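I am opening this notebook page to keep track of what I look up in the structure.

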Amino acid sequence: MSEVALPLNAPVATTPATGNPPPPRILVIDDEAGIRESLEVLLSIEGYQVSMAIDGVEGLRMIDGDNYDLVLLDLALPGQSGLELLPQIKERQPELPVIMITAYGTVDNVVEAIRAGAENFVQKPWDNEKLLADIRSAIARHHAEEENLQLKRTLKQRYNFSNIVGKSDSMLKVFDLVAQVAPSRSTVLIQGESGTGKELIAKALHANSPRRDKPFVPVNTGAMPSELLESTLFGHVKGAFTSAIASKKGLFEVASGGTLFLDEIGTMGFDTQAKILRVLQDRRFMHLGGVQEIQVDVRIIAATNIDLRNAVRDGKFREDLFYRLNVITVDLPPLRSRRDDIPLLVQHFLDFYTNENAMPPRKLSTDALRALVDYDWPGNVRELENSIERGVVLSSGPIIGADLLPGHITGRSFQDALLDNNPNASLFDILEVIERRIIIEKLERCNWNQTDAAEQFRIPLSTLNQKIKRLNIEIRKKGRE
């Protein structure tokens with residue numbers, strides 16, 4: 001499901017005089033004039049556009065009448081408290097980030113605010129640099145979420161690429177090419193490293209073609225020996241080989257009228273390549289062991305993670321088949337060359353895996369997102385997706401820190417990251433976090449079957465259930481197949 005979305009020529013709001021995007025807008029809701037003035041000076045110097053409200057009634061009226069990028073909300077307001085006001089703000093604009101400010105925060109207040117959707121909790125008197133860093137992080141996440149939604153809407157309306165995410169120039173060129181090529185009957189060759197989303201592009205080509213209501217049939221040609229692959233693609237008659245106890249249609253027939261996606265075609269044997277070439281030339285083939293020619297109407301989309309020109313030069317791939325496949329080539333860039341897309345992809349996968357696991361929304365900490373953007377991603381989008389799924393499953397709160405990312409991505413061990421995030425953590429706290437992580441990973445491997453997990457841990461089921469309850473582990477129903 002490694003997927004991609006984007007805006008094509010989408011308008012960007014700009015300031016009339018400079019042509020630059022307008023400054024982020026922050027609404028401060030606080031009844032103390034001194035606090036409002038201090039925040040207005042601090043935020044204005046940083047380039048933010050600041051609006052003020054003295055209570056919840058005025059704050060809600062301003063939110064209803066205008067758009068803001070962030071709200072700074074005092075906990076102790078006259079009339080309605082900040083905690084009472086927060087759910088009303090989230091009801092109006094669920095994605096609008098809210099940072100709570102208070103002079104007397106308690107643990108209960110913090111927990112209640114975070115559960116109600118607060119981005120963060122800041123205590124008066126605040127540290128200016130930390131407050132500004134929290135604001136920048138919250139606004140950046142807010143903009144990424146909004147941009148992701150807008151990109152998906154734009155692309156879905158224009159091209160029906162509802163599951164694809166990306167805004168980089170290289171991906172925009174890919175999507176323009178896909179949109180131009182999709183309606184044709186031409187064979188398409190998709191080239192890209194493993195994990196870049198070749199099958200998703202193939203599906204987008206099919207979904208935007210006149211064949212969209214006919215079958216899309218994928219086959220990984222590199223995962224089968226030649227004899228099995230030929231039987232799978234072309235079918236066979238009864239008695240064609242020892243285990244052929246009945247006649248069977250091949251995938252070319254199954255895909256007739258639609259699209260056949262040949263993944264990893266660069267690993268295909270020469271004999272099979274010759275038969276594929278004939279289908280491309282004549283749209284005809286025979287069952288294995290058969291004598292009757294079968295005509296099919298099928299579009300072929302092929303994909304490879306190797307350079308087929310080099311394979312032809314080295315004598316590992318037929319030159320005539322290469323030129324038949326290479327009518328139109330779509331080159332997918334590796335993720336490391338389009339780092340601007342990483343925040344959008346992160347949000348896409350966060351949304352997907354929290355929904356799939358029936359969990360509340362999750363967000364990445366600033367350090368975690370920075371680590372993901374800086375990493376080179378040899379496994380590309382698929383590796384990023386797996387990392388986000390892991391973070392979601394292991395998380396116990398709304399923020400996924402760098403300690404929940406694989407150590408090879410952050411360059412730090414889990415224990416180091418844990419101590420960085422909790423420098424004053426007791427040994428009990430550290431062991432509890434580690435225990436929670438181990439239990440979740442075991443449950444994941446056991447497809448969330450607690451009985452199997454308890455047996456593998458060699459502890460009674462009742463003991464495991466007590467630990468699950470104490471460590472606040474949310475039990476998912478059943479993992480993905």
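I call a residue buried when its relative accessible area is under 20%, exposed when it is over 50%, and partly exposed in between, with a 1.4 Å probe and protein chains only. Helices (H or I, at least four residues) and strands (E, at least two) are DSSP runs numbered from the N terminus. I note that this is a predicted model, in which local features need pLDDT of at least 70 and side-chain atom pairs count only at pLDDT 80 or more, while totals for chains, interfaces and linings use all residues. Residues are numbered from 1 along each chain as its sequence is written, and side-chain values use heavy atoms, with hydrogens and water left out.

**Whole chain.** I find 20 helices and 14 strands, and 47% of the 481 residues count as buried.

**Helix α2.** I looked up which residues of α2 (residues 56-65) are buried, and they are G56, G59, L60, M62 and I63. They sit on the same side of α2, because they cover an arc of only 160° around the axis, the arc being that of the directions from the helix axis to the C-beta atoms. An α-helix has 3.6 residues a turn, so residues three or four places apart point the same way. On the other side of α2 I find V57, R61, D64 and G65 exposed. The buried residues pack against β1 (25-29), β2 (49-53), β3 and α3 (82-92), where contact means heavy atoms within 4.5 Å. At the N-terminal end, D55 caps α2, with a side-chain oxygen 3.3 Å from the backbone nitrogen of V57.

**D74.** This residue belongs to strand β3 (residues 70-74) and is buried, with a relative accessible area of 3%. Its side chain makes a polar contact with that of K124, at 3.3 Å; such a contact is a pair of N or O atoms within 3.5 Å, and within protein one must be able to donate a hydrogen and the other to accept it, while residues adjacent in sequence count only if both atoms are side-chain atoms. Beyond its neighbours within four places in sequence, D74 also touches others, including I29, D30, G82 and I101.

**Rings.** Rings of Phe, Tyr and Trp (its six-membered ring) pair if their centres lie within 6.5 Å, and planes under 30 degrees apart count as stacked, over 60 as edge-to-face and the rest as tilted. I count seven aromatic pairs by this rule. One of them is F234 with F285, tilted, at 5.8 Å centre to centre and 45° between the planes. This pair joins helix α8 (residues 226-234) to strand β9 (residues 284-286), its members being 51 residues apart.
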